[in-house]
Amino acid sequence: MANRTLRRGEASSGGGGGGGGKSASLSGALSFEPSSLIYGKKLSESEMERALEQLYIPRAEDGKVDARGVSHQLLVPHRGRMSRVSIRPTKPSTFDAHWKYFSQATPLALNVKKSAQDGQDEKTVKDRKRAEAREVRAQGGQAAATAKKVGVNKEFFRQLKAILRILIPNTRCKEVILLALHTAFLILRTYLSVLVARLDGYIVKNLVTANGRGFLRGLGLWFALAVPSTYTNSMIRYLQSKLAIGFRTRLTRYAHDLYLSPKANFYRIINLDGRVESADQYITTDIARFCETLSALYSNIAKPTLDIIIFNYQLANAIGGRGLFGLFISYYLTGRILRAAAPAFGKLAAIEAKLEGDFRGAHGRLITNAEEVAFYNGSAIEESILNRAFKRLVKHVGSIYKVRVAYSMTEDFVLKYAWSAAGYGLIAMPYLTGNKAGSADEGGSTAASKDAGVAARTQGYVGSRRLLLSVSDAGSRLMASYKDLAELAGFTSRIYVLLQVLHSLDRGHYQSLPRPDDLSAHQPFYDLGSIKGRVTRGSEDVELSHVPIVAPAPGVERGGEELVKDLSLRVKPGMHVLISGPNGVGKTAVARVLAELWPAFEGEMRVPDAKRTMFLPQKAYLTTGSLKEQIIYPHAVPQCSKTDAELMEILGAVHLAYVVEREGGFGARKTWTDVLSGGERQRFAFARLLYHAPRFGILDETSSAVSTDVEGLMYQAAKERGITLITISHRPSLMRYHTHLLHLGGEANSWKLEELEGSNEALSFEEEIKQLKNQLRDVEKWEKRVEVIKKELSPKA
Ligand SMILES: Nc1ncnc2c1ncn2[C@@H]1O[C@H](COP(=O)(O)OP(=O)(O)OP(=O)(O)O)[C@@H](O)[C@H]1O
């Protein structure tokens, strides 16, 4: 990832806020450079505001990459300057190559396979599959359901290996260099520790022999060692953090590339799959914690392992081969005891992450619906919902602390006290048994030689003692890292499930369930695992042929619910269709199928290329960014194909021209949901339709908050621009802008398509005038009748 600050000269003209200059068209966009306001210098607040107008610089045409694999350069504000960050999207071939690592059965499915291998009959396997799907639904996501199997086991290492392919894609990547540097500093620190241990012995020896010069020399060396030691420690921490952020960047980019792929996997994971709940928690928090734990674990395992090898080698000289053997026996026993005492840290970590996600999700829901909740005075109930989610989290965390008490006690006892006692014994042995130079029996007869003997023994003991303390410390860190490893298993399982689900959804593979045994043969069964409908892109018309409109139900045993039976419809350009019917009948569902958000379970669907159709959903969506970006969405400023004057004309057509002045120009950036009224938001959505002018516009109650007169003008403007309209609405007044009516909601999910007579606006107006005149003719008759009723009701005199 290249990240550099823009310098003078790299900038040329571009779309500033509210100016009249023409922004680059898509083909011209390749040479588009940011506004001349953006320099390497610090930007003032107003300059920054204008610079923020541009999100990125395209480097290749939509969806393509340049020779360096860069699709665009993001402009990122950083410390008052603008930085350019080259974005290299993950190649489709990389996803294809990784698919085999993520397509393998998850623990859930493994169980089903295993039972089949165990010789259980097909029915038992089906029943188990259904029971597991129920479990997933009840627990709110696969991560929770599979938490039981989470731990340091074969499955964990398989999952970790798959993720490591993303984190370290090749041997020349930045992370490998960081790892090498990190390892070099770890070795250096161990070497410095050995020097410190020796120096410790040397200082004490000089102290015991009252050698002042030697003592001062020792102290001087001590300070000389302090400088590289502290530098080494800081570098280890720095490189560990760099590694964590490097891993996080790779994993987040990879997840984003899958999550936000053109197949709208973010929609699929939320609506068409029950395995991952709160994907945002996975991507924002879990990935970060996974990367931090993983990079810390490398230091926590590599450093103590290295320490143990080197210190033991040093100690071998002091305590002999037998002593060393004794040490290894004590390591082995410690490992066994701690493993037996360790609770299921992985499972606990996975559940904690899920509960954190639930709590965050509850807050997210409140933010999204703040106005509605405030109107209903719903604070009290919302607070209960939030508190309940928080309480569940706190209770779980509290229980983790409790189980940790017993484990920490065992850990402390074994690693601090038992190890030290064993260490004293092992170090003392050569001295007590007289196998060591300077041991008690070898003392000479003179006072001087006795002193020298004591000094040598003290030096040897202090040096060994320090080495032993270092070994003990390294051992305890190594043992403690088992706990981190178990926690890493928890995060690994969550990240793996996320990537696995995203990979499978990207390939159109959904959760599958067997047909229920009690479903009669003529009843349809719509399982997401067996989608038989065919979809062709690139057609001139919108065409459905025997396609049932089905609300998918991921993980539900009886499959999706059929809303409309066997829909066949061909909409040619110029054929404007109004879709109507009662609430909940499946009108929006038709749009979802046409947009390929919901699958066509059967039949055949032919639709134009994505760029030639535009869907305006029921809820008018406003993006973050400038006023201009509200009109051109989902284009970004560099792709804007219209001048500001042309955009003004579009706003005029939807009666929004006044907004530009009111809000401070096209470059104004605000929280648009707060400043625009419901009707204005809908009109912005219509402006988007006019800006993009697609061949087909599919509008779902897009003008329900707009007055009928303006609504009429907007529809006329759309038709004048050659847009064929497929409108979902309850408003009969809209009939006059359509040539056909598709009525949903007949018996047995049937539908009816009829041609609307006199459907052109002029004829329709005449018809309305005729009807009104007929009604006016009866006014006199009704007035007479009112008089009669009044008389009858008046009290008799
Ligand atoms: N995300 C979803 N997942 C599964 N089923 C859904 C989903 N959204 C809606 N449904 C189901 O599909 C049915 C039809 O919904 P749809 O939104 O198409 O209704 P509609 O006819 O547009 O209604 P309205 O006039 O109220 O907007 C709903 O009754 C509901 O049972």
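Domain bounds here come from an automatic or database domain assignment. For the protein chain, that assignment gives domain 1 (162-506), domain 2 (534-622 + 676-759) and domain 3 (762-797). Residues are numbered from 1 along each chain as its sequence is written. This is a predicted model, so local features need pLDDT of at least 70 and side-chain atom pairs count only at pLDDT 80 or more, while totals for chains, interfaces and linings use all residues.

Domains 1 and 2, then. Their C-alpha centres are 57 Å apart. Five residues of domain 1 are in contact with four of domain 2, contact meaning C-beta atoms, placed from the backbone, within 7 Å. On the domain 1 side, three of the residues are nonpolar, one is polar and one is charged.

Next, the cores. A nonpolar core is a set of buried Ala, Val, Leu, Ile, Met, Phe, Trp, Tyr and Cys residues joined through C-beta atoms within 7 Å; buried means 20 or more other C-beta atoms within 10 Å of the residue's own. The largest one has 65 residues, and A687 and L690 have the most contacts inside it. Helix α20 (residues 678-692) supplies the largest share of this core, seven residues. Leaving out residues up to four places away in sequence, A687 touches I631, I650, L651, V654 and L656. A second, separate core has 48 residues, including L243, L251, L258 and Y282.

Last, the ligand. Among the residues around the ligand are N271, A551, L563 and K587, with near meaning a C-beta atom, placed from the backbone, within 6 Å. Helix α15 (residues 587-594) gives the most to this shell, three residues.

Key. Helices (H or I, at least four residues) and strands (E, at least two) are DSSP runs, numbered from the N terminus. Two residues are in contact if their C-beta atoms, placed from the backbone, lie within 7 Å. Ala, Val, Leu, Ile, Met, Phe, Trp, Tyr, Cys and Pro count as nonpolar, Asp, Glu, Lys and Arg as charged, and the others, Gly among them, as polar. A residue is buried if 20 or more other C-beta atoms lie within 10 Å of its own, exposed if 12 or fewer, and partly exposed in between; C-beta atoms are placed from the backbone.
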